[in-house]
Amino acid sequence: MTIVTYCRSSGAARYECAQAGCGECMEKLLEENSGLLRWVVMRLAPGNAEYADLFQEAAIGLWKAILHYDAGHGVRFS
């Protein structure tokens, strides 16, 4: 049996929820910031590197940044 849950957190609460282990919040945050990932990869990527590999590395960095973000400092995540 599978229990399906829907997380309705948003804003700073979504970061806290993702940091607590909510996969749905983490996925939403990764999706919301995927444009930033694309921009970074296209801007900083060396010409001979594989886009998919670089995007994956950037996604790992974003995931780590989400886990360590503290909204209490009064700065936006981006």
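Predicted model: local features only at pLDDT ≥ 70, side-chain atom pairs only at ≥ 80, totals over all residues.
A word on ground rules: residues are numbered from 1 along each chain as its sequence is written. Local features need pLDDT of at least 70 and side-chain atom pairs count only at pLDDT 80 or more, while totals for chains, interfaces and linings use all residues, and side-chain values use heavy atoms, with hydrogens and water left out.

**Overall fold**

The chain has four helices and zero strands, with helices taken as DSSP runs of H or I of at least four residues, strands as E runs of at least two, and numbering from the N terminus. Along the sequence that reads α-α-α-α. Of the 78 residues in the chain, 24% are buried; buried means under 20% relative accessible area, exposed means over 50%, and partly exposed is in between, using a 1.4 Å probe and protein chains only.

**How helices 2 and 4 meet**

Helix 2 (residues 23-32) packs against helix 4 at an angle of about 125°, and their axes are 10 Å apart. The axes are lines fitted to C-alpha atoms over the stretch in contact, and angles run from 0 to 180 degrees between N-to-C directions. That makes the two helices oblique to each other, the label left over once under 35 degrees is roughly parallel, over 145 roughly antiparallel and 65 to 115 roughly perpendicular.

**The salt bridge**

Side chains of opposite charge can pair when their charged atoms come close. Here the count is one salt bridge, where the rule asks for a side-chain nitrogen of Lys or Arg within 4 Å of a carboxyl oxygen of Asp or Glu. The partners are Arg-14 and Glu-32, with their closest N and O atoms 2.4 Å apart. Arg-14 sits in helix 1 and Glu-32 in helix 2, so the pair ties together parts that are 18 residues apart in sequence.

**Accessibility at a glance**

| Residue | Relative accessible area | Class |
|---|---|---|
| Arg-14 | 12% | buried |
| Leu-67 | 30% | partly exposed |
| Glu-32 | 48% | partly exposed |
| Ser-10 | 49% | partly exposed |

**A nonpolar patch**

Leu-67 belongs to helix 4 (residues 51-68). Together with Ile-60 and Trp-63, Leu-67 makes a nonpolar surface patch of about 240 Å². The areas come from the Shrake-Rupley method with a 1.4 Å probe. Patch members need over 30% relative accessible area and no salt bridge, with like charges joined within 9 Å and nonpolar side chains (Val, Leu, Ile, Met, Phe, Trp, Tyr) within 5 Å.
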